[in-house]
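Dear colleague,

Please find the structure below, together with some notes that I hope will be of use when you look through it yourself.

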Amino acid sequence: MAHLVLLLAGVARLDDTGPPAGEDPLIAAVFATIDSRYTGPLTLGDVARAVNLPAGHLTTTVRRRTGRTVG
């Protein structure tokens, strides 16, 4: 299961349909949080707290800026 997660995370990084994370500090912070904590339990609420935004606002913002969900 862990190998599958690593594979899917790597494939997701190859998808360049949205702006690169480095160009948007919020998006960079979101993906840095996910990258640093993906091996353990991680919820949308955890990511939202890490970037100091309500979960609903974070979901909407990430989708608008990247075309992808936080999950």
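Asp-46 is buried, with a relative accessible area of 18%, where buried means under 20% relative accessible area, exposed over 50% and partly exposed in between, with a 1.4 Å probe and protein chains only. This is a predicted model, in which local features need pLDDT of at least 70 and side-chain atom pairs count only at pLDDT 80 or more, while totals for chains, interfaces and linings use all residues. Residues are numbered from 1 along each chain as its sequence is written, and side-chain values use heavy atoms, with hydrogens and water left out.

Asp-46 takes part in a network of salt bridges that also links Arg-37 and Arg-49, a salt bridge being a side-chain nitrogen of Lys or Arg within 4 Å of a carboxyl oxygen of Asp or Glu. With Arg-49 the N to O distance is 2.7 Å, and with Arg-37 it is 3.9 Å. Arg-49 and Asp-46 are three residues apart in helix H3, and therefore separated by about one helical turn; helices here are DSSP runs of H or I with at least four residues, and strands are runs of E with at least two, numbered from the N terminus. Arg-49 counts as exposed at 58% relative accessibility, whereas Arg-37, at 35%, counts as partly exposed.

The search of the whole structure finds three salt bridges, one of which joins Arg-65 to Asp-24, with the closest N and O atoms 3.1 Å apart. This pair links distant parts of the chain, since Arg-65 lies in helix H4 and Asp-24 in the loop between H1 and H2, 41 residues apart. Asp-24 counts as buried at 14% relative accessibility, and Arg-65 as partly exposed at 37%.

Helix H4 itself, residues 55-66, has Leu-58, Thr-61, Val-62 and Thr-66 as its buried residues. They cover an arc of only 100 degrees around the axis, which puts them on the same side of H4, the arc being that of the directions from the helix axis to the C-beta atoms. What covers them includes helix H2 (25-37) and helix H3 (44-50), and H4 is followed by Gly-67, whose phi is positive, near 80 degrees.

As for the chain as a whole, there are four helices and zero strands, and 23% of the 71 residues count as buried.

Definitions and conventions
Contact = heavy atoms within 4.5 Å.
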